[in-house]
Amino acid sequence: VRCLTQLCRGSDVGVCVRAEVALSMGAMECVRSAVELHAQSTSISLACCGDCVSDDLVVNMARGAPRLKQLSLRDCERFGQRGCKALATNCLRLTRLDLTGCAGLTDEAVKVLAEGCAGLTSVNFNVCVQLTDEAVKALSKSCAGLTSVNFTGCGNLTDEAVKALAKKKVDDASEAASEAEK
């Protein structure tokens, strides 16, 4: 029996894996096979895979996808600290990241990710319920190029953290303008 793998068509979209139909082959093996097929992709979405995507899978994927720029792990609840560390170590070109609904994500994981993937420009942490102001501070400190951040549904954040992130962006812009005038 077979695993269903679907390639998404579109601009710079590498692979979208649908592991919902995995009969004799385990769903995790299905996802792993599809990711290995597209290791040179710059964009990978495992958003439709839910429980199939664990830190182990992300660690293996990250090792084989050094060109990765965009990644969606939407609703991959088993993704967490080890996966973030693997992305931070191996996917240094990452600019766009969607971790919506990754319930296992912690402040420490976001800190590791932000430090290793300082080139992030867009991040989505919608409904990552464990995150606090510390996650926002880590992004603010390490990811100077952030232009889009989503923390909708992260009930542990305060207005102060969001204001600090906005202030940092304004300060960075002012500093860049001053440097340009010199």
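Biologist: What should I know before I start?
Modeller: The model is predicted, so local features need pLDDT of at least 70 and side-chain atom pairs count only at pLDDT 80 or more, while totals for chains, interfaces and linings use all residues. Residues are numbered from 1 along each chain as its sequence is written, and side-chain values use heavy atoms, leaving out hydrogens and water.

Biologist: At what angle do helix α2 and helix α3 pack?
Modeller: Two packed helices are described by the angle between their axes and the distance between the axes. Here α2 (residues 55-63) and α3 (residues 81-90) pack at about 5°, with axes 8 Å apart. They are therefore roughly parallel (angles under 35 degrees count as such).

Biologist: Which side chains meet in a salt bridge with a distance of 2.2 Å, N to O?
Modeller: Side chains of opposite charge can pair when their charged atoms come close. A salt bridge needs a side-chain nitrogen of Lys or Arg within 4 Å of a carboxyl oxygen of Asp or Glu. Arg82 and Asp56 are the partners at 2.2 Å, and they link α3 with α2, 26 residues apart.

Biologist: How is the aromatic pair arranged?
Modeller: Rings of Phe, Tyr and Trp (its six-membered ring) pair if their centres lie within 6.5 Å, and planes under 30 degrees apart count as stacked. Phe125 and Phe151 are stacked, 5.4 Å centre to centre with 20° between the planes.

Biologist: Are Phe125 and Phe151 buried or exposed?
Modeller: Both Phe125 and Phe151 are buried (under 20% relative accessible area, with a 1.4 Å probe and protein chains only).

Note on methods
Axes fitted to C-alpha atoms, helices over the stretch in contact; angles between N-to-C directions. Helix = DSSP H or I, 4+ residues; strand = E, 2+ residues; numbered from the N terminus. Parallel < 35°, antiparallel > 145°, perpendicular 65-115°, else oblique. Phe/Tyr/Trp six-rings, centres within 6.5 Å; stacked < 30°, edge-to-face > 60°. Buried < 20%, exposed > 50% of the residue type's maximum accessible area, 1.4 Å probe, protein only.
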